[in-house]
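Please look at the sequence and the model first.

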Amino acid sequence: METNLERGLIIFARKPVLGKVKTRLAATIGDEKALDIYKKLLAHTNGVANAVCCERFAFLTEKDEDNFWKGFSYELQTGACLGDRMQAAFNLLFAKGFERCIIIGSDCPGLTTEFIDSAFYNLKSNDIVIGEATDGGYYLLGMKKLHSYLFKNKNWSTETVFTETLKDIKQHGITYHRMPVLNDVDEEKDIPPEWI
């Protein structure tokens with residue numbers, strides 16, 4: 001039986017504010033539709049995460065007063081760049097005593113509870129679990145202790161992030177498991193047809 005401190009799940013999300021989310025998407029479909037798509041992504045991510053047997057932490061870019069993340073521990077993202085913010089989140093959970101930690105974003109409509117459960121399972125026998133996104137980034141990263149070099153010297157939000165991260169993993173000789181490739185919603189072509 002796993003203890004409460006075995007599995008910690010970090011969700012990185014933004015407060016859904018008109019004109020501040022999915023800016024690349026908004027460039028072609030407008031701010032209001034982009035906000036609507038982002039709210040759908042948040043609802044999907046929330047539902048998927050809620051069904052995972054773990055402790056859940058919502059790391060937001062700014063304080064949110066509603067109850068959307070009810071049942072999640074709430075934290076603010078801290079750090080100058082995405083790498084710094086992710087490292088700080090992992091640091092916090094490892095400091096709390098969690099043994100396996102996974103971070104996901106809120107842009108991946110193909111992500112399921114089963115994917116996250118599988119990632120936690122594969123972390124038992126690997127140092128790292130990583131899920132590549134079709135845009136060249138990753139939608140999931142898991143580890144059992146902090147590997148800070150994974151968050152350094154990356155061109156965040158570009159198509160090189162996954163390749164650079166995998167190169168770091170291989171150079172340090174740590175074991176890893178690759179999850180199936182999934183699609184992130186960044187542009188109009190990425191939107192699931194049923195959401196349009």
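Arg 24 is partly exposed, at a relative accessible area of 47%. Partly exposed lies between buried (under 20% relative accessible area) and exposed (over 50%), with a 1.4 Å probe and protein chains only. This is a predicted model: local features need pLDDT of at least 70, side-chain atom pairs count only at pLDDT 80 or more, and totals for chains, interfaces and linings use all residues. Residues are numbered from 1 along each chain as its sequence is written, and side-chain values use heavy atoms, with hydrogens and water left out.

The side chain of Arg 24 meets that of Asp 186 in a salt bridge, 3.5 Å from N to O. The pair links distant parts of the chain, 162 residues apart: Arg 24 is in helix H1 (residues 23-29), and Asp 186 is in the segment after strand E7 (176-182). Helices (H or I, at least four residues) and strands (E, at least two) are DSSP runs, numbered from the N terminus. Asp 186 is buried, at 10% relative accessibility. A network of salt bridges links Lys 22, Arg 24, Asp 107 and Asp 186.

The structure holds 9 salt bridges. Each is a side-chain nitrogen of Lys or Arg within 4 Å of a carboxyl oxygen of Asp or Glu. The table lists some of them.

| Pair | N to O distance |
|---|---|
| Glu 6 and Arg 100 | 2.5 Å |
| Arg 7 and Asp 117 | 2.7 Å |
| Arg 24 and Asp 186 | 3.5 Å |

Glu 6 lies in the segment before strand E1 (7-13) and Arg 100 in strand E4 (residues 100-104), so their bridge ties together parts 94 residues apart in sequence. Both Glu 6 and Arg 100 are buried. Arg 7 lies in strand E1 and Asp 117 in helix H4 (residues 113-123), so this pair ties together parts 110 residues apart in sequence. Arg 7 is buried at 9%. Asp 117 is partly exposed at 29%.

## Asn 46

Asn 46 sits in helix H2 (residues 31-50). Its relative accessible area is 9%, which means buried. The Asn 46 side chain reaches the backbone oxygen of Phe 68 at 2.7 Å. Leaving aside neighbours within four places in sequence, Asn 46 is in contact (heavy atoms within 4.5 Å) with Phe 68, Trp 69 and Phe 72.

## Cysteines

How many disulfides does the structure hold? It holds 0 disulfides (pairs of cysteine sulfur atoms within 2.5 Å). For Cys 81, the nearest cysteine sulfur is that of Cys 101, 20 Å away. Cys 81 is partly exposed at 28%. For Cys 101, the nearest is that of Cys 54, 10 Å away. Cys 101 is buried at 0%.

Conventions
A polar contact is a pair of N or O atoms within 3.5 Å; within protein, one must be able to donate a hydrogen and the other to accept it, and residues adjacent in sequence count only if both atoms are side-chain atoms.
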